[in-house]
Amino acid sequence: MAQLNVEFRGHTALLTMSNPPANTWTQETLTALRDTVRSLNQNNDVYALVITGEGQKFFSAGADLKLFADGDKAVASDMARIFGEAFETLSQFRGVSIAAINGYAMGGGLEVALACDIRIAETQAQLALPEAKVGLLPCAGGTQNLAWLVGEGWAKRMILCGERLNADKALQIGLVEEVVGTGEALAAALALAEKVAEQSPSAVTACKKLIQQGRSGSINAALPLERELFVGLFDTKDQVEGVSAFLQKRPPQWVNG
């Protein structure tokens, strides 16, 4: 049975982590995530993806620590590489990615949510990056993405002090964008993904690139790029369709091109 299940709901791809009991990441699952997102990037009918965990207790508990019990550096190197490849590919998904956090999100389980554009957590969710408790560190973007989202102070509290957050505190500090009731995260994420389909996919891709540009570049470089990508949208069919639909007071029919 696949540890990462993929199904399609309209223009949304739903990815479900399925490795009971805690939906831990394995090399197989990480490779599947990387390859799935690459495939979705080539599918012009997909505008958004939602990732969630199977069951009612765990979104994902991260890596299985049994992999690292014997201190094998070769195993550590291989796992760090595939973790990085998988989550960086997810972060660069051309559409909108939404994490539906339906329970515990620990270590690599939180890092996959950090690689998404938006996070929706259920009220009972618990979020942490506890790697330092076992002599390790978050190696799949955690130290960078968490600090970018919540600031250096809270990133240090969570990583250096091992602080675990409930959903309300995560919302308060900006780690998640919404908190919903138990069992409601997936429906909320899918509803938000449906809103993505109302936007031009070409415009969404350009906007996401610009927003994330701020992490690695300067505003002086991003502002000219903003204007360049704006003009570039006039090479797309969606630009003509979007403006025409607005003027004709009808819903647009996107072609993602």
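Visitor: Where is the place of Pro21?

Guide: Let's start with how elements are named: helices (H or I, at least four residues) and strands (E, at least two) are DSSP runs, numbered from the N terminus. Here, Pro21 sits in the loop between strand S2 (12-17) and helix H1 (27-41). A cis peptide bond, with omega about 5 degrees, links Pro20 to Pro21. Keep in mind that this is a predicted model, where local features need pLDDT of at least 70, side-chain atom pairs count only at pLDDT 80 or more, and totals for chains, interfaces and linings use all residues. Residues are numbered from 1 along each chain as its sequence is written, and side-chain values use heavy atoms, with hydrogens and water left out.

Visitor: Is Asn23 buried or exposed?

Guide: Buried means under 20% relative accessible area, exposed over 50%, and partly exposed in between (1.4 Å probe, protein chains only). Asn23 has 2% relative accessibility, so it counts as buried. Asn23 also belongs to the loop between S2 and H1, and its phi is positive, about 55 degrees, although Asn23 is not a glycine.

Visitor: What is phi of Asn256?

Guide: Asn256 has a positive phi near 55 degrees, and this residue is other than glycine. You'll find Asn256 in the segment after helix H10 (237-247). Asn256 is buried because its relative accessibility is 10%.

Visitor: Which residues does Ser200 touch?

Guide: Contact means heavy atoms within 4.5 Å. Not counting residues up to four places away in sequence, Ser200 touches Asp238 and Trp254. Ser200 lies in the loop between helix H7 (185-196) and helix H8 (201-216), and its relative accessible area is 11%, so Ser200 is buried.
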